[in-house]
Amino acid sequence: MTAVLLEVQGLRKSFGGVAALDEASFVVEEGSITALIGPNGAGKTTAFNAISGFLKPDAGTIRFAGRRIEGLRNDLVARAGLVRAFQSPRVLTRMSVMDNMLLAGKDQPGERLSLTWLAPRRVASRELEVHRRALDLLELLRLLPLAEAYAGTLSGGQRKLLELGRALMVEPRMILLDEPMAGVAPVLAEQLLEHIRRLRAERGVTFCVIEHDMDVVMSVSDRVIVMDEGRVIAEGTPDAIQRSERVIEAYLGRFAPASATPGGAP
Amino acid sequence: MDVLNPAFWTFVAVIAGIYAILSLGLYVQFSLAGLPNFGHVAFMAVSSYTMAILVVRYAVPMPLAAGAGLVGAVLLALVLGIPTLRLRADYLAIATVAGGEIVRYLAMNLPDVTGGPVGSIGLLGPGQIALYNGDWLAFLDRFAASLSGIVGARVSRDAASAILVWCFVGVLVLALWRSERSPWGRVLKGIREDEAAVAAVGKNVFAFKLQALTLGAILAGIAGLLLAWQIGVFSPEDYQPTLTFYAYLIVILGGMNRLLAIPVGAVAFSLLYSGTRLLNFFPLSLIDSGSRAFLRLFLVGFLLVLLMAVRPEGMLGNRKELLLEK
């Protein structure tokens with residue numbers, strides 16, 4: 001049994017009178033690919049925003065690698081090893097693909113202006129390491145030929161790949177992907193899935209993925225969390241989830257015909 | 001006026017250099033970090049007032065007073081930046097517009113502190129003429145004398161000032177060139193493009209923005225000191241918001257997001273602005289001088305509109321980059 005890497009307990013967040021998150025609780029195991037699914041408005045993206053520090057939750061606790069991170073500033077969450085990607089990829093369009101990658105490199109002494117002048121060697125040697133890592137990742141993601149292109153010239157799918165690469169530059173333990181397959185050409189989507197599997201296998205990166213495509217969810221994930229109306233209504237293996245009556249209800253409505261429920265409650 | 005009067009052009013060169021330094025400050029804030037600062041002139045005002053008050057009233061040595069002036073500019077940057085830089089860019093824009101005007105109106109309405117509407121000359125109260133740039137002029141004269149020795153011809157005080165200011169511009173351009181290519185500059189450009197994306201990879205966006213705002217304020221403060229020393233007397237009217245927009249013009253005219261475009265833009269702007277003063281030949285000489293002054297400002301505006309229509313990327317800008325959507 002693997003250890004729990006991320007533990008969300010009783011997370012609440014309301015916008016005006018609407019509870020986007022209503023006591024949501026779930027765990028993500030270290031080294032897993034966990035899918036977060038649910039109908040529109042279930043609170044999946046809000047949960048991601050709260051976990052990654054882009055939104056302050058009203059109540060609840062978030063524990064990452066044993067450390068409480070709820071309400072922590074977004075950049076500190078990333079530095080703790082929990083990096084997110086956005087639903088519509090936010091690449092820095094008027095910078096080169098390579099600069100997008102280099103920017104994200106962690107522990108760069110050159111980010112302090114004083115050290116650029118006082119410790120140029122230290123800055124240069126770290127820059128070299130960061131550059132090497134960026135080259136490796138670009139090669140892995142098959143973006144190397146585009147390294148010097150403006151990120152703004154990339155297709156939607158390539159942008160998602162770049163965003164994944166940029167997240168990996170931070171050397172994270174866990175990556176949150178918000179609908180990585182949405183709007184991506186089928187060939188690139190297949191590639192992206194392959195990368196996720198490989199990164200988990202070879203580098204031990206944990207993934208939590210919001211996804212709507214059920215075929216993808218069932219093929220790539222080892223655990224599935226189902227949300228509806230701000231709560232987690234089911235958690236389990238893809239097989240168990242597919243047979244869960246509550247899940248089918250949430251997706252198809254309460255009075256689904258009997259023929260739509262192949263199994264029974266797990 | 002004589003087109004070939006060297007004294008006139010030397011003066012224009014000094015002012016162009018000072019505008020270049022002012023615009024380099026805006027370059028760090030606006031072009032690198034994407035901070036819309038519409039009160040840039042306030043940093044000039046604060047540094048020159050602080051310097052002049054300390055020199056005139058408290059006989060503080062010039063270099064120390066100049067340092068205090070820059071500290072004043074930094075403090076203003078912190079006051080404007082700390083509450084607004086965590087918010088959307090619009091709030092900084094509003095705060096800086098207001099901040100700029102507040103500084104000017106304070107200078108106008110606190111005569112006991114600032115000399116009031118008459119400006120620096122009234123710093124010692126009515127009936128006395130206050131001067132703050134004696135040390136600077138003495139320093140320039142020594143510098144001009146040693147330059148004369150080197151080139152073997154008389155170098156005027158303004159020429160010495162122009163050389164000094166432009167050497168300083170050169171040093172600043174080199175320093176910023178290196179800084180913007182450092183990881184620090186990369187983070188600032190990233191913030192300009194999309195600060196959420198930069199925060200998502202673990203960078204403290206607020207701290208970087210505050211650094212950019214402060215560095216820009218220091219450069220504007222230096223420009224303020226140099227301008228005050230150069231013109232000898234100043235009043236609140238010298239710190240109108242138009243000065244901030246001249247700096248924007250220089251940044252845009254030269255070419256957005258390109259460092260070398262700043263000195264080029266400063267020269268182009270000064271030629272356009274001062275050069276049109278010389279449009280006094282036939283048939284323009286038929287128009288009386290008052291209308292001609294008006295025509296001149298019209299022409300400056302017209303040329304700028306024309307440039308933006310034909311070359312929206314400015315003189316040295318990168319069109320390809322400009323056309324990419326954010």
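Predicted model: local features only at pLDDT ≥ 70, side-chain atom pairs only at ≥ 80, totals over all residues.
# A chat about chains A and B

Reader: Good to know. How do β1 and β4 of chain A pair, parallel or antiparallel?

Author: They are antiparallel: β1(A), residues 4-15, and β4(A), residues 59-64, are joined over five bridges.

Reader: And what about β4(A) and β5(A), how many bridges there?

Author: Two bridges, again with the strands running antiparallel, and β5(A) covers residues 67-68. In that pairing A:R63 stands opposite A:R68.

Reader: Which residue in that hairpin takes a positive phi?

Author: That's A:A65, with phi near 50°, in a hairpin that has two residues between the strands.

Reader: So what order do the strands take in the sheet?

Author: The order is β2-β1-β4-β5 in chain A, and these four strands make an open sheet with antiparallel pairing. At the edges are β2(A), residues 18-29, and β5(A), each of which pairs on one side only.

Reader: While we're on β2, where does A:E23 sit?

Author: A:E23 lies in strand β2 of chain A. Its phi is positive, about 60°, although A:E23 is not a glycine. A:E23 has 14 C-beta neighbours inside 10 Å, so it counts as partly exposed.

Reader: Nice. Now A:R142, what is its phi?

Author: A:R142 has a positive phi of about 55° and is not a glycine either. You'll find A:R142 in the loop between α5 (120-140) and α6 (156-169) of chain A. With 13 other C-beta atoms within 10 Å, A:R142 is partly exposed.

Reader: Changing topic: is α1 of chain A mostly covered or uncovered?

Author: Mostly covered. This helix runs over residues 44-51, and seven of its eight residues are buried.

Reader: Which ones are buried?

Author: In α1(A) they are A:K44, A:T46, A:A47, A:F48, A:N49, A:A50 and A:I51. After the helix comes A:G53, which has a positive phi near 85°.

Reader: Let me zoom out. How many helices and strands does chain A have?

Author: Ten helices and ten strands. The radius of gyration of chain A is 20 Å, close to the 18 Å from the globule rule for 266 residues, so the chain is as compact as a globular protein of that length.

Reader: What does the C-alpha trace span?

Author: For chain A, about 70 × 40 × 40 Å along the principal axes.

Reader: And what share of its residues count as buried?

Author: 45% of the 266 residues of chain A. As for contacts in chain A with a separation of 6 or more, 64% of them come from residues 24 or more positions apart.

Reader: What about the largest nonpolar core, which residues touch the most other members?

Author: Of its 169 residues, those are A:V226, B:I18, B:Y19, B:I21, B:A223 and B:I250.

Reader: Let's take B:Y19. What is it in contact with?

Author: Apart from neighbours within four places in sequence, B:Y19 is in contact with B:Y246, B:I250, B:A266, B:F269 and B:S270.

Reader: Last one, B:G255. Where is it found?

Author: B:G255 is in the loop between α11 (241-254) and α12 (261-275) of chain B.

Reader: Buried or exposed?

Author: Buried: B:G255 has 23 other C-beta atoms within 10 Å, and the cut-off for a buried residue is 20 or more.

Reader: Which residues does B:G255 touch?

Author: Not counting residues up to four places away in sequence, B:G255 touches B:A261, B:E313, B:G314, B:M315, B:L316 and B:G317. As for B:L22, 233 residues from B:G255 along the chain, the two C-alpha atoms are separated by 16 Å.

Technical notes: Residues numbered from 1 in each chain as written. Chains lettered and ligands numbered in written order. Rg over C-alpha atoms; globule rule 2.2 N^0.38 Å. Buried ≥ 20, exposed ≤ 12 C-beta atoms within 10 Å, placed from the backbone. Contact = placed C-beta atoms within 7 Å. Pairing = 2+ DSSP bridges. Core = buried A, V, L, I, M, F, W, Y, C linked by C-beta atoms within 7 Å.
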